[in-house]
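User: I have a model open and would like to talk through its packing. Can you take the questions as they come?

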Amino acid sequence: MDQRRNHSIVWGLRNWIQLAVLVLTLGIGLQFYLFVRQAAGGGIITIARPAGVEGFLPIGALMGWKHFLATGEWDAIHPAAMVIMAFAGMMSFLFRKSFCSWFCPVGTLSEWLWKAGERLFGRNYRIPAWLDYPLRSLKYGLLLFFVYIIADMATADIALFLQSPYYRMADVKMLHFFTRMSQTTAIVLAVLLLLSLFFRNFWCRYLCPYGALMGILALCSPMKIRRNQTTCVQCQRCQQVCPAHLHVHLKERILSPECSGCMDCSGVCPVPDTLVMTSPGRRMGRLRVSWVALLVVALFLGTITWAKSSGHWESRLSPQEFRMALKKIDGAAMQHPSVQFGRQ
Ligand code: SF4
Ligand code: SF4
């Protein structure tokens with residue numbers, strides 16, 4: 001199979017998975033919106049609450065994991081949040097932060113935006129290195145902040161939070177972030193969208209704490225992009241397409257936590273088997289990207305099937321309990337319980 005065809009397979013597989021996940025996410029968002037609308041009314045609730053919406057509750061997932069590690073108890077209110085975080089972590093560990101480039105819907109939108117910007121303006125722009133480095137550390141700072149707060153909380157306080165009225169409605173509050181968007185939020189989002197047109201993966205590169213966590217997990221990954229220095233012809237195509245602006249053409253191995261395992265560099269390399277993702281002892285062939293795609297899909301389906309069949313997916317909150325809690329969504333009882341924890 002020639003290199004051009006190999007290239008199209010690389011791009012095609014990843015983009016199809018990204019598109020499928022984005023459509024799935026939009027479908028989940030719509031179903032959750034309709035479910036909440038029905039629950040807010042007085043009639044029978046016929047729409048099921050999609051558990052996948054909990055993928056947007058990463059802080060709750062981190063707390064759930066700390067609580068699970070301390071007590072062995074799985075979060076009963078938003079169990080899918082923990083499952084989705086575990087899936088993202090496994091993916092990133094196995095294939096170099098690949099959750100960000102193969103799966104995350106925000107990563108997909110970011111990628112589409114910078115590619116649209118590239119077409120519109122003929123190029124992407126780069127923030128100078130003296131500013132790029134400190135900006136990149138922002139996402140790690142945010143991650144550290146959340147991890148510190150959660151690590152500092154006593155297990156009993158975490159349990160209290162996970163059962164609090166606030167956390168019961170955390171998914172609805174996330175929905176309200178979009179449906180009741182404040183002017184400030186809208187302006188911030190518009191600025192981020194605009195910046196994403198000019199700079200590759202602006203949100204992911206500088207601000208996403210979830211991506212920072214995936215990057216740290218990827219550092220422990222046995223898989224790496226490796227360049228064969230003997231066969232490399234220094235065409236620099238790999239470096240040009242790299243969304244993380246990594247100097248792929250100069251490195252023997254890509255160790256950076258910014259590498260998202262997209263394999264675009266491997267796809268554009270004109271010399272067969274020169275740029276490949278490798279395990280420590282053995283090279284993956286140039287078509288093995290199809291295995292990455294297959295494993296990503298299998299891991300996703302396997303994780304969700306396991307979670308559903310073992311009772312780790314659906315919330316224990318019944319539709320009636322959800323409706324009762326929803327009625328008080330704007331009340332004082334639904335305020336964030338952090339103040340209460342701070343006093344203890
Ligand atoms: S080094 Fe290759 S796999 Fe890693 S982000 Fe850059 S293009 Fe993607
Ligand atoms: S695309 Fe391949 S041949 Fe060209 S510089 Fe990168 S590794 Fe070398």
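User: At what angle do helix 2 and helix 3 pack?

Analyst: Helix 2 (residues 58-71) and helix 3 (residues 79-94) pack at about 90 degrees, and their axes are 8 Å apart. That makes helix 2 roughly perpendicular to helix 3, a label for angles of 65 to 115 degrees; under 35 counts as roughly parallel, over 145 as roughly antiparallel and the rest as oblique. Axes are lines fitted to C-alpha atoms, for helices over the stretch in contact, and angles run from 0 to 180 degrees between N-to-C directions. Helices (H or I, at least four residues) and strands (E, at least two) are DSSP runs, numbered from the N terminus.

User: Is this predicted or experimental, and how is it numbered?

Analyst: This is a predicted model: local features need pLDDT of at least 70, side-chain atom pairs count only at pLDDT 80 or more, and totals for chains, interfaces and linings use all residues. Residues are numbered from 1 along each chain as its sequence is written, while chains are lettered from A and ligands numbered from 1 in the order in which they are written.

User: Which residues of helix 2 and helix 3 meet?

Analyst: Pro58, Gly60, Ala61, Gly64, Trp65 and Phe68 from helix 2 meet Ala81, Met82, Ile84 and Met85 from helix 3; contact is C-beta atoms, placed from the backbone, within 7 Å. Eight residues of this contact are nonpolar, two polar and none charged. Here Ala, Val, Leu, Ile, Met, Phe, Trp, Tyr, Cys and Pro count as nonpolar, Asp, Glu, Lys and Arg as charged, and the others, Gly among them, as polar.

User: How many residues are in the largest nonpolar core?

Analyst: The largest nonpolar core has 69 residues, and those with the most contacts inside it are Ile84, Met91, Phe99, Met214 and Cys265. Helix 3 gives the most to this core, 10 residues. A core is a set of buried Ala, Val, Leu, Ile, Met, Phe, Trp, Tyr and Cys residues joined through C-beta atoms within 7 Å. Buried means 20 or more other C-beta atoms within 10 Å of a residue's own, exposed 12 or fewer, and partly exposed in between.

User: What does methionine 91 touch?

Analyst: Leaving out residues up to four places away in sequence, methionine 91 touches Ser98, Phe99, Phe103, Val296 and Leu299.

User: Switching to the ligands. Which residues are closest to ligand 1 and ligand 2?

Analyst: Ligand 1 is surrounded by 15 residues, the closest being Cys242, Cys259, Cys262, Asp264 and Cys265. For ligand 2 there are 16, the closest being Cys232, Cys235, Cys238, His249 and Cys269. A residue is near if its C-beta atom, placed from the backbone, lies within 6 Å. The shell of ligand 1 has 12 nonpolar, two polar and one charged; that of ligand 2 has 10 nonpolar, four polar and two charged.

User: Where is asparagine 201, and is it buried or exposed?

Analyst: Asparagine 201 sits in the loop between helix 10 (183-198) and helix 11 (202-206). Asparagine 201 is buried because 24 other C-beta atoms lie within 10 Å. Its phi is near 50 degrees, a positive value in a residue other than glycine.

User: And glutamine 234, buried or exposed?

Analyst: Glutamine 234 is exposed, with 9 other C-beta atoms within 10 Å. Its phi is near 60 degrees, also positive.

Terms used:
Contact = placed C-beta atoms within 7 Å.
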